[in-house]
Amino acid sequence: MPDAVPLIAARGISKQFAAIEVLRDVDLDLFPGEIHALLGENGAGKSTFAKILAGVHRPSRGTLALAGEPIELASPHAAQRRGITLIHQEPISFPDLSVAENLVLGRGDGSLLGRVPWAEMTREARRLMDLLGVRIDVTLPMRGLSIADQQMVEIARALASDSRLIIMDEPTAPLTPKEVETLFTIARRLRDEGRTIIFISHRLEEVRALCDRVTIFRDGARIETAPIEALSDADIIRLMIGRPLKEYMHKEKATIGAVALAVENLSLPGYFSDISFEVRAGEIVGLGGLVGAGRTDVARAIFGIAPAESGRVLVEGRPVTIAEPSDAIALGLAFVPEDRAVAGIFRSLSVEQNISAAVPAKIAPGGVIRRSVERALAMDAVKRLRIRLASLRQPIGELSGGNQQKAILARWLLTDPKVLILDEPTRGIDIGVKAEFYDMIGELAASGRAILLISSELPELLALCDRILVMAEGRLTADIPRAEASQEVVMSAAVPRVREAAAA
Amino acid sequence: MTTIRSILGRREAGIFVMIVLFAIAVGIAKPQFLTLNSLRIVLLLVPLILIGAMGQMLVILARHVDLSIGSVLGFSAMVTGMMFRYHPEIWWPLGFLLSVGIGAGLGLLNGVLVTVFRLPAIIVTLGTLNLYRGLTYIVSDARQIDRQYVPSALKAMSQTSPIFGIPWIIFISFAVVFATWWFLMHTRLGRQIYALGSNPVAAPLRGIDVTGVTLLVFTISGALSGLAGILYASRWGFVNPSNTGAGFEFQVIAAVVIGGVSINGGVGTVLGTFFGVILLGCVAAALPLLGIAGTTQNAIYGAVIIVALLIDRTVRRQGVKSLARARA
C-alpha cells in the first residue's frame with residue numbers, strides 16, 4: 001500500500017481549544033481502499049483529528065493534502081464537496097424532511113429558485129438504498145427511522161456525493177449486532193470499490209473484524225500506526241493507556257465502617273441493567289469505564305434524577321424510595337454532577353448564594369434569608385476548601401473551573417452528607433487544583449463518609465480508590481480490590497472485546 | 001380503523017373535519033348558514049388573514065415568529081393612504097408597490113435584528129410591534145385617512161369581480177397562497193426553510209445560508225403584511241392609525257397554528273394553514289348569525305384555538321400510536 005499516492009496526507013496537524021492543545025503534530029497517511037481504525041482513550045484526540053479531516057474544526061497548525069493536492073477545508077460542507085463525509089454517531093439530519101430530501105440536501109446543484117426535481121430525487125434515493133441493500137421507504141420523514149436506518153441514510157449520502165473518504169465516528173454504539181453486521185458488509189464493499197473509511201470505535205473486536213490498519217492516539221499525539229495483525233489486544237491497550245502513574249496521589253488510611261449505600265439489581269432499560277454494589281462508610285469506591293458505559297446514568301438513578309425502573313436502593317441498610325433529588329438529599333446523599341455548567345452552578349448568582357443553595361432551611365429559618373448566617377457558612381467553606389476568589393459576592397461564573405468545582409463540593413458538604421457521589425470531579429481543572437481535590441476526597445473519606453467516584457482517568461481511580469467497579473455497555477463487569485487494580489485490569493473490563501475473551 | 005386513523009393523522013384532514021363539523025353544528029341552529037351567501041361572507045372575511053398567514057407560516061417554519069405584522073400592516077397602509085391624500089394625481093396601482101415595499105423594509109429590519117444582532121425573534125418583533133405602531137401615529141399625526149382619499153378603483157377591487165362574481169381581492173389572496181405553495185414545495189430555497197426550522201444546527205453544515213434564509217422569511221412576512229395593508233384600504237375604504245391592523249398578528253398566528261404549523265419549526269403545509277384560516281373565518285361569520293355580541297368574539301376566538309389544538313393533539317397521538325404499532 002505505501003507505494004500508492006495517499007488519499008489523505010496529514011502533516012503536523014495540531015489543534016488548540018482555548019489554551020489547551022488537544023492535538024499535537026499528527027502525521028498520518030490514509031490510502032485508497034483501506035479501512036483505518038482510530039483508537040484511543042476518551043480525549044486522546046482521535047475524534048478531533050477526524051473532525052479536522054471532515055472540516056468541522058480547522059487545524060491550528062499543519063497541512064492536509066487530498067490525493068497529493070494541498071487543501072483547506074472551511075466547513076463540513078466544503079469537505080463534503082471534496083468527497084469527505086463524516087457520519088456522526090447520532091446522525092445529524094432534518095427529522096421533518098423525507099429520507100430522499102435528506103439525501104440530496106446540500107448538494108448544491110442548480111439555482112436556489114430552481115425547481116426541486118421530486119420524481120428524479122425519489123428515484124435516485126431508491127437507487128442508493130438498493131445499492132446499499134437496505135429497505136427504507138424514502139418518502140417517509142426521517143423522524144420515524146431507527147438510528148441504524150438513519151446511519152444508512154448518511155452512508156447513502158456519502159455515496160450520493162461520491163465520497164472518497166467516509167469517516168464513521170463510533171457508528172456501532174447504538175446498533176444491534178445484526179445491524180452492525182449489515183454496516184460492516186457495506187463498509188467492506190465500499191473499501192473494495194477503492195474508497196477509504198476511517199472507523200472510530202472502542203470495541204477492539206469490531207476493529208479486528210473490520211479494519212486493515214490502526215492508528216493509536218494518546219494525549220493528543222499519534223503513538224502508533226500499524227497493520228491490525230501486527231498488534232495484540234494487550235499491545236493496543238498498553239499503547240492506549242501507557243501514561244505514568246502520578247505518585248503524589250495517595251489514599252489516606254481510613255477506618256472502613258458499615259455499609260452506607262447499597263444498590264441491588266438496579267435496572268433502567270436502555271441505560272443500564274442489573275447493577276448491584278455497596279459502598280461503606282470511610283470507603284472510596286471508584287466507578288470506571290468508557291464514556292457512555294452508563295456510569296452517570298446509575299448515579300443519576302440513585303440520586304432520583306432519572307430513577308431506575310427496577311431494583312432497590314438501601315441507605316444504611318434500610319430500603320428507601322428516591323423519586324426525586326430532594327428525597328436523596330433528605331436521606332443524606334449528595335451528588336456533584338459531571339457537567340457543572342449545566343447541572344451544577346447558578347452561573348449569575350454569587351459564590352455565597354451558590355454555596356448556601358443546598359441548605360435553605362439553615363440560612364432561612366421561617367423563609368426569610370438571614371444574610372449573616374449565609375455569609376458565615378460560605379466564609380467557613382471557602383477557608384476550609386481553599387477556594388480562591390475576589391469576593392463572596394462575586395458571580396460564581398467568574399471563578400476558574402477548579403474553584404467552581406470546589407464551591408459546588410462546599411455546597412454539598414454543608415448538608416453533611418453520609419454518601420457523596422462525585423461524577424468526573426476533576427474534568428477540565430488544572431493539575432494543581434486536582435491534587436488539592438484528591439487530598440480533600442481523602443479527608444472526606446477519613447471523616448467517615450462513603451464516596452462513589454466516577455472517573456474516566458485511570459490513574460485517579462487507581463490512586464484514590466479502595467475498590468474499583470467497572471461498567472461496560474450498561475453492565476457492571478468488574479469489582480476490583482485496590483491490591484489487584486492496575487490500568488490493564490480496569491481497561492480490560494471496560495473494553496467489551498477483552499471482557500468477552502476473559503469470560504470465555 | 002387503521003386507514004381512518006392514518007387519514008385523521010394527517011393534519012389537513014383533521015382540520016377539514018373540524019370545519020365541516022362546525023358548519024353542520026351552526027347549520028342545525030341557523031339553517032341559513034349553509035348557503036352560498038355565507039361562503040361569500042367567509043371568503044370576504046379572510047383575504048387579509050390568508051395573506052398574512054402565508055408570510056407568518058414561512059417565519060414559523062424557520063423556527064421564528066413575527067409578532068409585528070399588525071403594525072407593519074398599519075404603517076404600510078397609513079403611508080400609502082397619505083400618498084393618496086397628498087398626491088391624488090398619482091397612478092393608484094403604484095400604491096401596491098409602495099405598501100409592499102414599506103412592508104418589506106420593515107420586515108427586513110426585523111430580520112436584521114434577529115440575525116445580525118442575534119436577538120430572539122419574539123422579543124424583537126414584540127418591540128417593533130410597538131415601534132411601528134408608534135411610528136404610524138407620528139407620521140400620520142394621529143389622523144385617519146378618510147374614505148374620499150382612497151382611490152375608488154382601489155375600493156372597487158373588493159367589490160368588482162373578473163369572474164364568477166368573486167372579487168379581485170380574493171383572487172389576489174389565492175394567488176399568494178398558490179405562489180407560497182409553489183415556493184415551499186418546488187424550489188430549493190423553499191425546502192431550505194423547512195430544513196432550517198427542522199434542525200438549525202445541521203443547516204449550516206449542509207451549506208444552507210442561515211442568515212440569508214432568515215432575512216428572507218422576515219422580509220417576505222413584512223412584504224405580505226404590506227400587501228395586506230393596501231388591501232385593507234381597499235376592503236374598508238379608510239386607514240386608521242390605531243385600528244388598522246390591530247390584533248392582526250393574533251388572528252394570523254392563531255390560523256397558522258390551528259393549521260398545523262409547528263411552533264418549533266420545520267412542520268406545516270400551505271393547505272393546513274389555508275384550512276386554519278378558513279376555520280377562523282367560519283367562526284367569525286357564524287358569531288353574528290348566532291347572535292353572539294362582538295364583545296365576546298375575542299373570548300370565542302381564543303377558546304377556538306385551544307380547542308382546535310387539543311383536538312389535534314389527541315388525534316395525532318392516536319395516529320402516532322397506530323403508526324408505531326404498524327412498524328412494530
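How many salt bridges does the count come to over all chains? In this predicted model, the count comes to 28 salt bridges over all chains. Side chains of opposite charge can pair when their charged atoms come close.

**Salt bridges between distant parts of chain A**

- Asp162(A) and Arg195(A) meet through their side chains in a salt bridge, with an N to O distance of 3.1 Å. This pair links distant parts of the chain, since Asp162(A) sits in the loop between α5 (147-160) and β7 (165-169), while Arg195(A) sits in the loop between α6 (177-192) and β8 (196-200), 33 residues apart.
- Arg195(A) has a relative accessible area of 14%, and because buried means under 20%, Arg195(A) counts as buried.
- Asp416(A) and Arg449(A) also form a salt bridge, in which the closest N and O atoms are 2.9 Å apart. Here too the pair links distant parts of chain A, with Asp416(A) in the loop between α15 (401-414) and β17 (419-423) and Arg449(A) in the loop between α16 (431-446) and β18 (450-454), 33 residues apart.
- The two partners fall into separate classes of accessibility: Asp416(A) is exposed, with a relative accessible area of 53%, whereas Arg449(A) is buried, with a relative accessible area of 15%.

**A salt bridge within one helix**

- Arg238(A) pairs with Asp235(A) in a salt bridge whose closest N and O atoms are 3.5 Å apart. Both residues belong to helix α8 (residues 233-241) of chain A, where they are three residues apart, or about one turn of the helix.
- Arg238(A) is partly exposed, with a relative accessible area of 45%, and Asp235(A), at 23% relative accessibility, likewise counts as partly exposed.

**A network of charged side chains**

- Salt bridges join Glu352(A), Arg371(A), Glu374(A), Arg375(A) and Arg393(A) into a network.

**A nonpolar patch on chain B**

- Phe16(B), Val20(B), Ile24(B) and Ile28(B) make a nonpolar surface patch of about 390 Å².
- One of these residues, Ile24(B), lies in helix α2 (residues 11-29) of chain B. Ile24(B) has a relative accessibility of 44% and therefore counts as partly exposed, a value that also meets the requirement of over 30% relative accessible area for residues in such a patch.

Definitions and conventions. Residues numbered from 1 in each chain as written. Chains lettered and ligands numbered in written order. Predicted model: local features only at pLDDT ≥ 70, side-chain atom pairs only at ≥ 80, totals over all residues. Heavy atoms only, no water. Salt bridge = Lys/Arg side-chain N within 4 Å of Asp/Glu carboxyl O. Helix = DSSP H or I, 4+ residues; strand = E, 2+ residues; numbered from the N terminus. Buried < 20%, exposed > 50% of the residue type's maximum accessible area, 1.4 Å probe, protein only. Patch = residues over 30% accessible without salt bridge, like charges linked within 9 Å, V, L, I, M, F, W, Y side chains within 5 Å. Areas by Shrake-Rupley, 256 points an atom, 1.4 Å probe, with all protein chains shown as cover.
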